[in-house]
Amino acid sequence: MMRLPKTIQIMGVTYRILVVPDRRIKDCWGEVDIGGATIRLARSLSSDRRLSVLLHEILHVLFEYAQPGLTSREEEKLVNRLESLAFSFLRENKFLERRKS
């Protein structure tokens with residue numbers, strides 16, 4: 001599995017990626033602070049799951065640009081669907097190669 005970058009660019013904004021203790025994220029495995037340009041991911045996640053959650057949080061940012069009028073519930077439903085589809089696509093097409101031990 002690839003290593004997570006420390007920062008990523010989304011629509012010209014540099015987002016910091018932080019792996020934090022689970023207790024710092026309320027009731028979920030990741031969160032994005034769009035105003036603060038920060039994505040937080042739970043430390044206890046496996047590397048595959050952490051990457052999937054990162055993709056999930058990136059999708060939230062993209063929806064802010066693409067569909068700013070969605071309710072939180074509508075957005076979460078779409079993001080959940082796209083996360084699993086996109087992660088599967090990336091894995092199946094070897095964009096996400098496993099590191100050999």
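Good morning. On the α1 side, Asp48, Arg49, Leu51, Ser52, Val53, Leu55, His56, Leu59, His60, Phe63 and Glu64 make contact with Glu75, Glu76, Leu78, Val79, Asn80, Leu82, Glu83, Ala86, Phe87, Leu90 and Arg91 of α2. Contact here means heavy atoms within 4.5 Å. Helices are DSSP runs of H or I with at least four residues, numbered from the N terminus.

A word on conventions. Residues are numbered from 1 along each chain as its sequence is written. As the model is predicted, local features need pLDDT of at least 70 and side-chain atom pairs count only at pLDDT 80 or more, while totals for chains, interfaces and linings use all residues; side-chain values use heavy atoms, with hydrogens and water left out.

How do the two helices meet? Two packed helices are described by the angle between their axes and the distance between the axes. The axes of α1 and α2 come within 9 Å and cross at roughly 130°. This makes α1 oblique to α2. The term oblique covers the angles left over once those under 35 degrees are called roughly parallel, those over 145 roughly antiparallel, and those from 65 to 115 roughly perpendicular. The axes are lines fitted to C-alpha atoms over the stretch in contact, and angles run from 0 to 180 degrees between N-to-C directions. The crossing is right-handed, which is to say that the near helix is turned clockwise from the far one by less than a right angle.

Let me turn to α1 itself. The helix comprises residues 47-66, and its 20 residues should span 28 Å at 1.5 Å a residue; the end C-alpha atoms are 28 Å apart, in agreement. The expected span is 1.5 Å times one less than the number of residues. Of the 20 residues in α1, 14 are buried, where buried means under 20% relative accessible area, exposed over 50%, and partly exposed in between, with a 1.4 Å probe and protein chains only.

Histidine 60 is buried, because its relative accessibility is 9%. Beyond its neighbours within four places in sequence, histidine 60 touches Val32, Glu75, Glu76 and Val79. Tyrosine 65, also in helix α1, is partly exposed at 43% relative accessibility.

Arginine 91 lies in helix α2, residues 72-92, and aspartate 48 in helix α1, so the pair ties together parts 43 residues apart in sequence. Arginine 91 is partly exposed, at 24%.

Another pairs glutamate 83 with arginine 49, with the closest N and O atoms 3.1 Å apart. This pair also links α2, through glutamate 83, to α1, through arginine 49, across 34 residues. Glutamate 83 is buried at 8% relative accessibility, whereas arginine 49 is partly exposed at 35%.

The remaining bridge is between glutamate 31 and arginine 40, at 3.6 Å. Glutamate 31 is partly exposed at 24%, and arginine 40 is buried at 17%. Thank you.

Conventions:
Helices (H or I, at least four residues) and strands (E, at least two) are DSSP runs, numbered from the N terminus. A salt bridge is a side-chain nitrogen of Lys or Arg within 4 Å of a carboxyl oxygen of Asp or Glu.
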